[in-house]
Amino acid sequence: MSDQTHLTNFSGDKKAWPVYLTIGNILSKTRNSPSKMAVVLVALLPVPPKFTSKKTKTRSIQRQNNDEALDAVFSLIFEPLEAFTKSGKAMNCSDGKVRQCFPVLAAWIADHAENEALHGLKRMSCARCEVPIESLGSDATEVHPTRDYERYASVTEQYFDTGDEQLAASLSAVGIKMERNVFVGLSRVVVPLLFKPDILHNVYLGLFKHLMQWIEDFLKKHDRQDLFDEVWKSLPPYPGFFVPKKAYREVTQWQGKEMRNLGRCIVGVLASALRRPTPAQQGPFRNVIRCVRALVDFSLMAQYRSHTPETLGYMERYLEAFHHYKDVFQEFRGSKKTRGDADANDEQLRLEHERELKGAGRVSAANRRRLQDAYRAQRADEREEILRSQSHFNFIKLHLLVHYCSHVRQFGNIPMYSTDVGELAHKVQIKEGYRHSNKNDASRQILDYYGRVHAVSMRLLTLRALQAEAIDQEELSGDAERRFLDETDRYRPRKGLAQAEDARPRKLLKARYANIDNLRQLSLSLDVPVERIFEEMIKYSRRSLKGDERLPEDDERLSILPIEQFGQLQIPVLAFQETDVYDTHRARTTGKRSFRNGASRNDWVWVAVGSKGEYGALHGQLPGKLRGLFKVRNTVADATGSAVHRLAVVQLLQAQSNGGHITDAHGLVKVSVRRQAPFEDAFWIVDIMTISGIAHLIPEGDGQWLVNSGIDLRTFNEIY
Ligand SMILES: [Zn+2]
């Protein structure tokens with residue numbers, strides 16, 4: 001893989017163009033963890049100098065020099081690999097055996113601009129297929145022939161021999177430049193299959209950037225920008241989600257992290273910002289949301305680590321839906337020229353109308369206003385018409401999506417080929433290397449630095465592995481007798497793992513408050529009447545506890561039960577498509593106290609209140625505001641002695657009239673405050689075992705929220 005990067009964040013335009021190498025046998029989880037050193041830096045490509053001359057001839061010579069230099073460097077890089085690919089090499093495997101291995105270049109991960117440079121493609125050409133420019137914006141139903149780079153190479157050679165211009169034209173027609181593709185001629189390599197989908201560059205940094213521009217234009221046209229910003233700034237926290245602190249329009253840096261963040265909430269924020277449309281707005285609003293939703297859904301599902309024909313079918317349908325609804329953005333897709341045309345037409349119309357108005361002689365003020373309104377409408381219509389007719393969606397990043405599903409069918413999941421986690425670390429290492437160099441002819445120094453860091457880290461990893469193995473053996477030899485008795489137990493996982501397996505990680509109460517010892521003090525701390533607490537405690541007891549475990553039901557005995565109050569609940573949440581990896585959700589409740597010197601923080605959580613079949617897409621869960629956490633010791637229970645109950649105070653929301661079903665265009669579940677009592681008083685006391693994680697709700701005003709199902713893959717998969 002290769003990726004151009006700036007050497008310093010602060011000054012100059014010094015760039016590095018590193019080439020990395022990794023092998024496909026390594027688990028992507030390991031590969032993407034920088035500390036595992038699974039990716040090596042093999043070369044720094046020569047970064048072509050900026051074109052300084054304005055003369056076409058000088059520029060074309062310079063371009064040719066660049067191409068030749070690149071070609072020469074790649075020959076050097078591939079030369080040693082080529083020998084192994086053909087005849088193989090004996091390699092030490094981790095199981096102690098030596099195997100004859102045939103390493104073959106199987107994938108090249110790079111953003112589109114680099115793919116163009118390395119494959120010798122013209123601008124806006126696909127590295128995989130011969131799609132013509134005018135079809136880039138069409139959906140996956142049309143299949144274009146796969147590229148045949150060997151044929152291009154032989155045609156190029158023929159051209160150089162014969163000078164037949166027709167040959168050149170035939171290549172140009174399919175978007176091929178008369179240069180050698182650096183990969184052609186490598187043994188056992190299928191060049192068009194080197195291209196891999198790249199979610200980061202293609203979807204997040206490519207399509208989402210376009211999409212946000214269109215959305216901004218759309219919001220402006222319909223005067224919804226302020227509302228969008230308001231919703232944007234009031235998003236609640238969620239694990240791994242960076243709560244926006246600035247208004248959307250004030251954010252200037254949109255890089256991978258920010259774009260991913262945006263992808264996780266854009267559908268909900270947009271749906272909220274487009275709430276309550278006028279009758280004329282209903283159609284376009286619905287289509288815009290459907291269009292954005294389709295692209296977001298596609299990008300989320302593209303990140304699944306395992307697929308079924310069903311999920312691939314979904315992906316194809318999302319892409320279809322996007323193409324179906326994208327026309328709603330057509331008018332914002334205009335090129336500069338189109339915009340210029342529209343402006344010119346507009347000006348002409350304005351002058352015509354002025355003349356007409358003058359020619360009409362004396363008209364009443366009301367008539368005059370009516371005429372002006374009609375003129376304004378006509379101008380707006382014509383502008384839209386021009387923009388629509390001359391704009392198109394034929395850009396390469398939209399086309400590349402059609403290859404995603406076929407890629408999964410052929411090669412497996414897409415994140416496997418995404419190295420964006422690792423990428424960051426390697427960039428850092430290259431920048432570090434540059435910082436440690438004398439900045440003068442730094443390439444060799446960067447390579448040396450990286451080489452040393454890599455070698456030392458590898459040695460440390462080996463030592464650590466050996467150490468772990470030694471400890472393991474000690475344990476095993478102590479257990480020798482048991483091993484003989486129970487042969488089948490030989491492959492049992494190491495101790496730590498075994499424990500984790502039979503006991504799933506537990507929910508923990510953290511951040512204990514001082515000086516809260518009984519329910520009266522708790523009621524003061526939570527700022528609710530103690531009678532309400534007693535009432536809810538009794539309800540909880542009757543609902544969830546068996547006869548002799550029940551709590552006392554008179555105020556006096558309830559008020560002497562010892563309690564402890566906490567500020568945080570740690571909830572282990574099984575990671576999506578994993579069986580033994582847990583994410584930790586830290587649900588916080590500070591009551592009215594400030595959180596980290598800021599405003600108070602009381603998180604939204606999911607509470608299991610019904611059976612799986614209830615509340616439609618929410619599957620028996622309702623979101624609620626976490627208002628308090630406490631432990632109570634039942635010192636007066638008769639039979640069981642002193643049982644401890646770990647409880648939460650939550651203000652539950654309700655699924656809206658449609659009962660949690662998804663009906664709207666945005667496909668999100670609506671929830672709202674319960675109307676029967678003032679929200680502040682309407683709380684329940686539940687066992688913390690019923691709380692399954694943090695919920696992400698997007699405010700929609702008037703005590704209503706949208707459940708953000710795009711916040712992570714797990715939620716996306718569950719709430720649907
Ligand atoms: Zn293609």
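**View 1. Strand 14 (residues 670-672) and strand 18 (residues 704-707) pair in the antiparallel sense over three bridges.** Here two strands pair if DSSP finds at least two bridges between them. Strands (E, at least two residues) and helices (H or I, at least four) are DSSP runs, numbered from the N terminus. Ser672 stands opposite Gln704 in strand 18. Helix 8 (residues 256-273) packs on the sheet and touches strand 17 and strand 18. The direction of helix 8 makes about 25 degrees with that of strand 17. Axes are lines fitted to C-alpha atoms, for helices over the stretch in contact, and angles run from 0 to 180 degrees between N-to-C directions.

This is a predicted model: local features need pLDDT of at least 70, side-chain atom pairs count only at pLDDT 80 or more, and totals for chains, interfaces and linings use all residues. Residues are numbered from 1 along each chain as its sequence is written.

**View 2. An open sheet of four strands has antiparallel pairing and the order 13-14-18-17.** Strand 13 (654-655) and strand 17 (697-699) stand at the edges. Each has a single partner strand, so one side of each is left without a neighbour in the sheet.

**View 3. Strand 10 (residues 604-608) is largely enclosed by the rest of the structure, because four of its five residues are buried.** A residue is buried if 20 or more other C-beta atoms lie within 10 Å of its own, exposed if 12 or fewer, and partly exposed in between; C-beta atoms are placed from the backbone. Strand 10 pairs with strand 11 (residues 621-634) in the antiparallel sense over five bridges. Trp604 stands opposite Lys625 in strand 11. Strand 10 also pairs with strand 16 (residues 691-694), antiparallel, over three bridges. Val605 stands opposite Ile694 in strand 16.

**View 4. The buried residues of helix 4 are Tyr149, Tyr152 and Thr156.** They cover an arc of only 50 degrees around the axis, which puts them on the same side of helix 4. The arc is that of the directions from the helix axis to the C-beta atoms. These buried residues pack against helix 5 (165-173). Contact means C-beta atoms, placed from the backbone, within 7 Å. The face turned away from the buried side carries exposed residues, including Glu150, Arg151 and Asp161.

**View 5. Helix 4 (residues 149-162) is followed by Gly163, whose phi is positive, near 70 degrees.** The 14 residues of helix 4 should span 20 Å at 1.5 Å a residue, and its end C-alpha atoms are 20 Å apart, which agrees. The expected span is 1.5 Å times one less than the number of residues.

Definitions and conventions: Contact = placed C-beta atoms within 7 Å.
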